[in-house]
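Here's a quick tour of charged pairs and a ligand site. Have the model open as you read.

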Amino acid sequence: MVIPGEQPFFAPPGQGHESSDQCRILVVDDDDALRRTLPRVLAREGRQFAECGSVGEAIAILEREHFALVLLDYRLPDATGLDLLDWLTHQHRDEAVIVISGEDAIDAAIGALRGGADDYVRKPYHVAQLQRAVDSTLHKATLERANRAMSQRLRASERLHRFLVESSPDLIFTLDTEGRFSYLNPRVRPLLGYERTALLRRPFSTLVMPEDIDRINSLMFARGNTPGESFNIELRLRRSRDEPTEGSSESITVSLTVIPMPDREGRRSTGLYGVARDISERKRAEEIITFQAYHDQLTRLPNRVLFKDRLELAIAQAQRRTGALAVMFVDVDRFKLVNDTFGHAEGDALLRGIAARLSSTLRRGDTLARLGGDEFTVLLPDINHPEDAETIARKIVDALTPPFRLSHGDFRATVSIGIALYPRDGDGAEDLTRHADIAMYQVKRSGKNAFRFFDPELNTHYRERITLENDLRLALERSEFELYYQPQISLKGKRVVGMEALLRWNHPTHGQIGPATFIPVAEEIGMIGDISHWVLERACGQLAQWRDAGFSDLRMSLNLSPHDFSRKDVVEMVTECVERHRLPSSQLELEITESMMMQDSAGVAAKVRAMRDAGLSVAIDDFGTGYSALAYLQKFPVSTLKIDRSFVRDLDGPSTNPIISAITGIARGFGLQLIAEGVERMEQAETLRALGCDIMQGYLFAHPAPAEQATAWLNVAPEIDFAAP
Ligand SMILES: Nc1nc2c(ncn2[C@@H]2O[C@H](COP(=O)(O)O[C@H]3[C@@H](O)[C@H](n4cnc5c(=O)[nH]c(N)nc54)O[C@@H]3COP(=O)(O)O)[C@@H](O)[C@H]2O)c(=O)[nH]1
């Protein structure tokens, strides 16, 4: 590690000169004999000698090489030994110097020693005296060099440690035995916004958020002045409000390591050393991950896992205090239709809006969760009576009354709510949620947009429903579906002009099940597409057979579900089937309902237009039951209107005739074919005929029947019933 502007703390090997040079001696004397003699008398293992006879030569040698010792004659031909000493001083050289001189005057010795000589030996000298002086000077020089090197290393070490501490990304501090700051590194300024000097001698708790003070104090100062063990803790340090810092939050979370600083004997503590690492970012990331694991991304409500957790906790608490709680299962009505027709972005917006309204009806301690899709659950952890849950359920229903503003327009969302109570309806989280779900399902079955409490009886229905779903999933591959056909009869022509294909499910144990029972289930479980495809295929095949048998102008009507119209390829699906069976497209009639037209978001109008462009016939099944029927007729280029059964049923009443007259007029005005459905009695048929409706369908003529029976009607029209009108 190199501190900027510093030599390396640990010098690489070979850069120092002590070891190789410590025994090199330069003899500077103008006496040739002496220069030869001295190396011999002073020789020791490892010592090397160089020699020269003047100050100039000595400087030249010294500029090239380093020596441990210079034996320097005082008087030299070109200058005095003092001049060389001067030079050595100015060059900051560390060679030891022994001046050898024949000068008697004490001043010479003083001058030499002042000039930096390590020793002074006066000539004549005894050899042993010189040897001692050399040995001792070399020894002293070695010690001094070692000392210098040590000091240098200590200084470098201190600089290194200061650098490490002061430029550390962590906050480093020491506390005295009273817990007051005795040192802080400069990191405190950018991290927390405090000046170091302002904190010195202030207690550590100055920086700690109030919630964490007890925790840290008990750990830091539990053992008084006795050195304890080091410890690590996460805590929040408060930021100064006055100075800008690296972040804007009120506090940062740090991982703090505290190490006691013992005295020399290790008995008493002289204070604490602490390193605090800012882990706020990591904490935030962890919080986000935890939040995501326990919350629904779309609504940010608790998810299934967190709901279960809270419910289990609430059950345990209710058990302890012998209290009660309620679980609600809230399912958005017709949400799938919204999603399929308005698109997922609108569906998401609606769910967020519903979540917000549900939240607004609950108290702080209650939990609203989204289990997924359009399913929400509510935990009311502390209720006194079932009526409390009822009140909340009513508030939820009321809260949803104002329509939601979506980009396609306003939408009125409703929910079905099932309620289960602890301990009455179960004592476990799963049982309670399941029972609330069963109660919700019951609400769905009986008209939606309401709430009800779990009733053990419901369990049976629920099981039945699950069984129905499972059986329905297998019905196609087990060939349990069958098409029945109901004739559409022209009174004038006294013949069958069309057949409506009506689906039946021949259940292996329950017998025949009508479409009103299983079509909504098929829609809910996503099977309707496959079923409609099967119906289309079978009806086209049957029509082709009848055409081959000579009934070439017969029309086949079949029912499509709103879900079929959410398919992008619904038009292609139909035209492809018609073409494959070589049918004139006008002889296939697709029945749609007025409600499908009213929710035109999936582009039903465009699809109807495409069907009409492909030559297909399209009938409005329940014409007149919705609103703005006329307006829809401008937008939907249909070919046939079917007078709804409800008008035909009430035909005897005084107010119905004008409606049918109006419908008849509209059909005539728009050049549309008119069919009356649900004709059960002769009088109804007569009135309809009198009002201008010729084609009729209903039990008066024939109940829907299998293909074989329908074929018989084609050959011999159901005469008995329609002969009279
Ligand atoms: N998506 C699909 N829906 C289908 C399909 N097949 C039928 N359906 C729809 O299911 C509803 C109930 O149908 P169903 O039980 O078959 O009842 C039809 C007739 O049996 C019944 N009908 C006929 N004549 C009379 C009568 O004189 N009185 C009387 N009370 N009921 C009668 O009416 C039903 C036909 O209605 P409609 O379709 O409106 O002409 C029903 O909504 C069917 O549309 C299918 O394959 N796919």
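## Counting the salt bridges

A salt bridge here means a side-chain nitrogen of Lys or Arg within 4 Å of a carboxyl oxygen of Asp or Glu. By that rule, the count comes to 49 salt bridges. Keep in mind that this is a predicted model. As for the background, side chains of opposite charge can pair when their charged atoms come close.

Some of these bridges come as pairs, and some link up further. Glu 158, Arg 162, Glu 166 and Arg 196, for instance, are linked in a network of salt bridges.

## Arg 370 and Asp 296

Let's start with a buried pair. Arg 370 and Asp 296 join their side chains in a salt bridge, with N to O at 2.8 Å. Arg 370 sits in strand E12 (residues 367–372), while Asp 296 is in the loop between helix H10 (280–294) and helix H11 (304–320), so this bridge ties together parts that are 74 residues apart in sequence. Both partners are buried: Arg 370 is, and so is Asp 296.

Why does Asp 296 count as buried? Its relative accessibility is 12%, and the cut-off for buried is under 20%. What else does Asp 296 touch, once its neighbours within four places in sequence are left aside? Its contacts are Leu 301, Pro 302, Asn 303 and Arg 370. With Arg 370, the side chain of Asp 296 also makes a side-chain polar contact at 2.8 Å.

## Asp 382 and Arg 321

The side chains of Asp 382 and Arg 321 meet in a salt bridge, at 3.1 Å from N to O. Asp 382 belongs to strand E13 (residues 375–383) and Arg 321 to the loop between H11 and strand E11 (324–332), so the two hold together parts that are 61 residues apart in sequence.

Are these two residues buried, exposed or partly exposed? Asp 382 has 43% relative accessibility and counts as partly exposed. Arg 321 is partly exposed too, with a relative accessible area of 36%.

## Glu 591 and Lys 642

Here we go from strand to strand. Glu 591 forms a salt bridge with Lys 642, and their closest N and O atoms are 2.7 Å apart. Glu 591 lies in strand E22 (residues 588–592) and Lys 642 in strand E24 (residues 640–643), so the bridge ties together parts that are 51 residues apart in sequence. Glu 591 and Lys 642 are both buried.

## Around the ligand

Now for the ligand site. Which residues come nearest to the ligand? Of the 22 residues around it, they are Arg 504, Arg 645, Glu 677, Glu 680 and Tyr 699. Sorted by class, the shell has 9 nonpolar, 5 polar and 8 charged residues.

The side chain of Asn 559 has an N or O atom 3.1 Å from an oxygen atom of the ligand, and a polar side-chain atom of Asp 621 lies 2.9 Å from a ligand oxygen. For Glu 680, an N or O atom of the side chain is 2.6 Å from a nitrogen atom of the ligand. On its own, the ligand has 810 Å² of accessible area, and the protein covers 81% of that. Strand E19 (495–507) and helix H17 (515–524) are the elements that give two or more residues to the shell. E19 gives the most, with 4 residues.

Conventions:
Residues are numbered from 1 along each chain as its sequence is written. This is a predicted model: local features need pLDDT of at least 70, side-chain atom pairs count only at pLDDT 80 or more; totals for chains, interfaces and linings use all residues. Side-chain values use heavy atoms; hydrogens and water are left out. Buried means under 20% relative accessible area, exposed over 50%, partly exposed in between (1.4 Å probe, protein chains only). A polar contact is a pair of N or O atoms within 3.5 Å; within protein, one must be able to donate a hydrogen and the other to accept it, and residues adjacent in sequence count only if both atoms are side-chain atoms. Contact means heavy atoms within 4.5 Å. A residue is near a molecule or strand if one of its heavy atoms lies within 4 Å of it. Accessible areas come from the Shrake-Rupley method with a 1.4 Å probe; for residues, only the protein chains shown count as cover. Ala, Val, Leu, Ile, Met, Phe, Trp, Tyr, Cys and Pro count as nonpolar, Asp, Glu, Lys and Arg as charged, and the others, Gly among them, as polar.
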